[in-house]
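Biologist: Let us go through this model by question and answer. Please show it first.

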Amino acid sequence: MVEAMRLVQDQIRYVSLSMGAGSYVPRDPATVILSGFGDCKDKALLLVSSLVRLGIAAEVALADLDEGRALDQHLPALRDFDHAIVKARIGAKTYWLDATNYLQGGGAHNLAQPDYGFALPLSSTGGLEKMPSPVLTSPSIQIAEEFDFPRRPGDPLVLTVFSTYEDADADWMRGNFASRSLSEVSDAYLKYYNKQYPGIQTIAKPEIVDRRDGNIVSVKESYRLPAEALTANDLAKNFPIRAADLGNNSLPTPTIVDRTGPVSLGPQFYRRHKVTVRNLKARFSGESMKNVVTPYLSLKASWSNTPTEFQVEWNFQTLATEVPAKAIADYLKIVDDLADQVRWQYDFTYEEPPADVQLSDPAKEQRQTVASMLLLSLLVGVPLFIAYRRGKRRAFGS
């Protein structure tokens, strides 16, 4: 099933000829193969024909890319659908396949199936079927940024970035990388970091590793920030760290005026971003970072430190597929708050005083003064008192 799906996805180009009957009637699979292209219904029918030939039960199903989650609330109409997909069955297991995807990874056990809400199979049930929504138990995107501050004056700052994409996000990145050259990818990454750290330079081209059957794409980036760029405009004193690719920027922000329906959050996503800063000369904390937890989404931040290292980790995920109309005002406020919790600035030039140098404490100094006076009185008063007693004894003895 997976090999047939990849063949149709990767070898048959997606081209739509939506003219006349071509808007509704798919072309013959043999014609699609000879031409080397087809639209969604052409490719769906070709994949169904291939699967049936292989002995796999399959049929074309209609879906809607934009409003598919609300199809069960629509009156039946042909205009309710804008996409054709495939429903396949192997034993008791149902698979939903989109033949218009490209370079999809994974096997039958970890295939990222499309989630368009509802679909209408054309030959079996005669009614809408709910498509399963994936439940993520671990992040599908993980970004780890490691900043190594210079150990000696004049040395550059070194930034290494490790990114891991899984499931549907791996499919998207695989297609993205296939459509661009490595130089284009490198330039896009450099442009992103240059906005935050002007003057940053690429040390090497990104290293991309694609484990397609496991559906995992890994990327390693390497940069250097020269010493003069680190000191320019007090960058080191106002050094920004932020979480990227958490997905919070793509959350819908609808108007609440006369709103009566819920807001769709789309398929669930779960992402993690970690920042590590090394070679520091003081302890830094993230005590002001707050967690944002609601029935609809969750942002949790954690941090740790040592005398020379500071680490922050953000975990962000959606917990529901929609927000009810009565909660939209609170939801919009939370979306605004999220932006404040994923961007921070630190003065990484700050140095802690040496261990033998204590900061002034007026109360402590006063206590030390009283103790010194008492000690001085003992050192001076006791010998005087003893001399006085001895003097009196001599007087009586004489």
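Biologist: How are α1 and α3 oriented to each other, roughly parallel or roughly antiparallel?

Modeller: This is a predicted model, where local features need pLDDT of at least 70, side-chain atom pairs count only at pLDDT 80 or more, and totals for chains, interfaces and linings use all residues. Residues are numbered from 1 along each chain as its sequence is written, and side-chain values use heavy atoms, with hydrogens and water left out. Helix α1 (residues 2-11) and helix α3 (residues 40-53) pack at an angle of about 150°, where angles run from 0 to 180 degrees between N-to-C directions and axes are lines fitted to C-alpha atoms, for helices over the stretch in contact. Under 35 degrees counts as roughly parallel, over 145 as roughly antiparallel, 65 to 115 as roughly perpendicular and the rest as oblique, so α1 and α3 are roughly antiparallel.

Biologist: Which residues of α3 does α1 meet?

Modeller: Helices (H or I, at least four residues) and strands (E, at least two) are DSSP runs, numbered from the N terminus. Contact means heavy atoms within 4.5 Å. From α1, Ala-4, Met-5, Val-8 and Gln-9 take part, and they meet Lys-43, Leu-46, Leu-47 and Leu-51 in α3.

Biologist: Which elements do the buried residues of α1 pack against?

Modeller: Buried means under 20% relative accessible area, exposed over 50%, and partly exposed in between (1.4 Å probe, protein chains only). In α1, the buried residues are Val-2, Ala-4, Met-5, Arg-6, Val-8 and Gln-9. They pack against α3 and β5 (93-97).

Biologist: How many salt bridges does a search of the whole structure find?

Modeller: Side chains of opposite charge can pair when their charged atoms come close. A salt bridge is a side-chain nitrogen of Lys or Arg within 4 Å of a carboxyl oxygen of Asp or Glu. Searching the whole structure gives 17.

Biologist: Are Arg-174 and Asp-171 buried or exposed?

Modeller: These two form a salt bridge, with the closest N and O atoms 3.0 Å apart. They are 3 residues apart in helix α4 (residues 167-178), so about one helical turn separates them. Both Arg-174 and Asp-171 are buried.

Biologist: Is Arg-152 buried or exposed?

Modeller: Arg-152 forms a salt bridge with Asp-155, and their closest N and O atoms are 3.1 Å apart. Asp-155 is partly exposed, at 22% relative accessibility. Arg-152 has a relative accessible area of 57%, so Arg-152 is exposed.

Biologist: How many residues apart in sequence are the parts that Lys-281 and Glu-351 tie together?

Modeller: Lys-281 forms a salt bridge with Glu-351, the closest N and O atoms lying 3.7 Å apart. Lys-281 is in the loop between β14 (270-278) and β15 (292-293), and Glu-351 is in the loop between β19 (343-346) and α8 (362-397), so the parts tied together are 70 residues apart.

Biologist: Which residues is Thr-349 in contact with, leaving aside its neighbours within four places in sequence?

Modeller: Thr-349 lies in the loop between β19 and α8. Thr-349 is partly exposed, with a relative accessible area of 36%. Neighbours within four places aside, the contacts of Thr-349 are Ala-236 and Lys-237.

Biologist: What share of the chain do buried residues make up?

Modeller: The secondary structure comes to 8 helices and 19 strands. The chain has 398 residues, and the buried share is 40%.
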